[in-house]
Amino acid sequence: MRRLLTTFPWFAAGIALVLILLEVLFRILPVSTATRSGYYADPVILTYPAHHCFVAATGWDLKNNQRICANNYGFVADHDFESDPNAVALIGDSFIEANMLPAQDRPAAQLEKQLRGRQVYAFGGPGSNLLDYAERARFAATHFGIKTFVFVIERGDVKQAMCGSGNVHGPCFDAKMNLQTETQPPPSAAKRLLRESALAQYVFSQLKFDPALAVKNLLTKWQTAPSPPGQTPRKQGNSGAPLSVARTVLNQFFSRLSTIDGGRFMFVIDADRAHLLDGPIAETEDLQLLRTEAEARKEIVVDTTEAFRAFEAGSGRSLEVGPYDHHWNRDAVRVASNLIAEKLSR
């Protein structure tokens, strides 16, 4: 016992020294830093602090590391936002923010280059859904007088409008299809402190280590009986929202857009890129309904499927950042930007 009491302080000091050295090392490396996201510009619109800069990187080996800076309204954009009725509001989730790409390769920058002088305001919000997009459209119209809106629709954007989906910044529907507001709580003091540690950021942001999930998986592994020989668990398909849910979400979405006086709307629907070269692709019911509703309102719908398929078949190159990240890469952004610019020029 006496020996243990004698050696423990040295052991603790050794652990502390290792942690300090690791902290210094990861501060030198481009580890993701705290984004400090919150509700700065609007009660239901999640942004960063104005002019806040942070580092974003992917995976243990810090791929695609970028230094990201927010503009005067807390959105990741090349320039500040000011009143400009001729500007185009480009709205979506992490596909629009695209913090894994260099600034000149992101959607707003590429589209602005295609439009030759017409400004494009990027209203991206990672982990958001269709109802969040409507809030950003309202914000763009109210604060900057914008009349032209381009929504980039990710294939889960309709069903993710359900509360608890993990992709909600503000409005959402509960299980009984009642409209609610589900804002993200501010981080605790302990979490804010951990976010300032490069070592902690590496463990939780780069390695995606979740202690609660690790314990849950361990308990599940112990409690779950193995599958009988020859059987494997069925995987969940990439289905859309049930039609009744989609109708309610889309009615709310278009109702909110209708309050924007003189608004013109374009909907760019991401392709099922995992099956582009497999032949005809059956569209999910919720995206079919979105297309039908938009066209009935005489709005523009852009389906990226054929353009993406032609690019992959002709070039042999992928449209994704990598097998570890299924966001659009620079080529996919260029193809989509060409389609948008062509429609806008008409």
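1. Basis of the note. The structure is a predicted model, in which local features need pLDDT of at least 70 and side-chain atom pairs count only at pLDDT 80 or more, whereas totals for chains, interfaces and linings use all residues. Residues are numbered from 1 along each chain as its sequence is written, and side-chain values use heavy atoms, with hydrogens and water left out.

2. Overall picture. The protein has 11 helices and 13 strands, taken as DSSP runs (helices H or I, at least four residues; strands E, at least two) and numbered from the N terminus. Its C-alpha trace spans about 85 × 55 × 45 Å along the principal axes. Of the 346 residues, 44% are buried, where buried means under 20% relative accessible area, exposed over 50%, and partly exposed in between (1.4 Å probe, protein chains only). Among contacts (heavy atoms within 4.5 Å) with a separation of 6 or more, 69% join residues 24 or more positions apart. The accessible surface comes to about 18800 Å², and 57% of that belongs to carbon and sulfur atoms; such areas come from the Shrake-Rupley method with a 1.4 Å probe, and for residues only the protein chains shown count as cover.

3. Helix α9. This helix, residues 285-296, has 12 residues and reaches 16 Å from its first C-alpha to its last, close to the 16 Å expected at 1.5 Å a residue; the expected span is 1.5 Å times one less than the number of residues. Its buried residues are D286, L287, L289, L290 and A294. They lie on the same side of α9 because they cover an arc of only 155 degrees around the axis, the arc being that of the directions from the helix axis to the C-beta atoms. The cover over these buried residues includes β7 (148-153), α8 (243-257), β10 (264-269) and β11 (300-303). After α9 comes K298, with a positive phi near 60 degrees.

4. Helix α10. In residues 305-315, the buried positions are T305, F308, R309, F311 and E312. These cover an arc of only 160 degrees around the axis, which puts them on the same side of α10. The face turned away from that buried side carries the exposed residues E306, A313 and G314. Cover for the buried residues of α10 includes β11, β13 (325-328) and α11 (330-345), and the helix is followed by G316, whose phi is positive, near 75 degrees.

5. A link between the two regions. P280, in the loop between β10 and α9, is exposed at a relative accessible area of 84%. P280 and T305 are 25 residues apart in sequence and 9.8 Å apart in space, C-alpha to C-alpha.

6. Nonpolar surface patch. W60, L194, F204, L207 and F209 form a nonpolar patch on the surface, with about 540 Å² of accessible area together. F209 sits in the loop between α6 (198-206) and α7 (211-223) and is partly exposed, with a relative accessible area of 43%. Patches are made of residues with over 30% relative accessible area and no salt bridge, like charges being joined within 9 Å and nonpolar side chains (Val, Leu, Ile, Met, Phe, Trp, Tyr) within 5 Å; a salt bridge is a side-chain nitrogen of Lys or Arg within 4 Å of a carboxyl oxygen of Asp or Glu.

7. Positive phi in loops. Most residues other than glycine have a negative phi. H51, in the loop between β2 (45-47) and β3 (53-58), has a positive phi of about 65 degrees although it is not a glycine. M177, in the loop between β8 (171-173) and β9 (179-181), has a positive phi near 60 degrees.
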